[in-house]
Amino acid sequence: MARRTLLLLTAAVLAATLTGCADGTTSSPQAAPGTDTGTARHVSDDPEQTLHLAEQLLIKRCMEKRGYKYWVEKRPAADGATRFPYVVDDPAWAARHGYGTDLYRARQQEALRDPNQRYFHSMPADRAPALVSALNGPQPKGLSARLPNGIRVTHSDQGCEAEAERTLYKDLPAWFRATRVTDSLGGLRVNLVLTDKRYKTAVAPWARCMKAKGHPYKSPAEARAAATRPDRAWPHTKEVRLASAEADCARAGELPAVARSLDTEYRAELRRRYPGPTADLDRLKREALPRARAIVARGD
């Protein structure tokens, strides 16, 4: 979902604001570098970017109608774990970013400068809950989905997020179910690949290669975990050395090809296993795209 990053940040800082961390001012912050403060009118060739921007513009319009400020947010970039869920196999990327902790830290700094977060922090403690309610809805009621693991998730069918998605995708309950289920399928697919015997077999020569280079890790996941522990930050150069060795060993063997093949196999299997949500998501995006293009072109 396009709103997830901001919503999680908002939820995380709400408690602090309510306990008096807000400075009591209501001055509007300056926009963070690279943040779109206007109404963009360029229609991207990327459907996902167009859908994201259209939803952002609709949220902005809704929040302003309710008396709040809102700044259009960029679509979140993929991090290292998202780009390389099975093994880092791009030597150039590894040489620059290691496992991507530099990108993670950069995003943290961007979050501190994010105008929506700064605006939220600037609200008096007694007004902050109303802003969150305007964006997210008053209570997590109205929308519901049961995930493949049996957990039921809920969300409000009110608020500007819901209003924007209803305008864009029309069938809001179907959109909520489709996005929540298919999002969870991504994690399930990765786990299926990592636990597949064929993947483990392909990891063995990779581990031998790594050991020969002085890195005795049994799997790429173990190497990544060692380099990215939040309580023990590695120097960037050390992280880069390990990730570069991982990429070199990956390119020397069959692990990347095996991982890609298994990912494709399990992606198809999960689509067959859960045909409704995946088909609904494809259909809703396809039907929403002309509306999204019109919204972006108008600048709404």
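In this predicted model, the torsion about the S-S bond of Cys209 and Cys249 is about -80°, so this disulfide is left-handed. Cys209 belongs to helix 10 (residues 197-212) and Cys249 to helix 12 (residues 236-252), so the bond ties together parts that are 40 residues apart in sequence.

The structure holds two disulfides. The other bond joins Cys62 to Cys160, and this link is also left-handed, with -75° about the S-S bond. Cys62 lies in helix 2 (residues 47-65) and Cys160 in helix 8, so parts that are 98 residues apart in sequence are tied together. Both Cys62 and Cys160 are buried. When bonded cysteines are counted along the chain, the pattern is 1-2, 3-4.

| Disulfide | S to S distance | Torsion about S-S |
|---|---|---|
| Cys62 to Cys160 | 2.1 Å | -75° |
| Cys209 to Cys249 | 2.1 Å | about -80° |

Asp157 lies in the loop between strand 2 (152-156) and helix 8 (159-169). At 27% relative accessibility, Asp157 counts as partly exposed. Among the residues that Asp157 touches are Lys141, Leu143 and Arg166. Asp157 and Leu143 are 14 residues apart in sequence, and their C-alpha atoms are 5.8 Å apart.

As a whole, the protein contains 14 helices and two strands. Of its 300 residues, 42% count as buried. The protein exposes about 15600 Å², of which carbon and sulfur atoms supply 53%.

Technical notes: Residues are numbered from 1 along each chain as its sequence is written. This is a predicted model: local features need pLDDT of at least 70, side-chain atom pairs count only at pLDDT 80 or more; totals for chains, interfaces and linings use all residues. Side-chain values use heavy atoms; hydrogens and water are left out. Helices (H or I, at least four residues) and strands (E, at least two) are DSSP runs, numbered from the N terminus. Buried means under 20% relative accessible area, exposed over 50%, partly exposed in between (1.4 Å probe, protein chains only). Contact means heavy atoms within 4.5 Å. Accessible areas come from the Shrake-Rupley method with a 1.4 Å probe; for residues, only the protein chains shown count as cover. A disulfide is a pair of cysteine sulfur atoms within 2.5 Å. Lists of a residue's contacts leave out its neighbours within four places in sequence.
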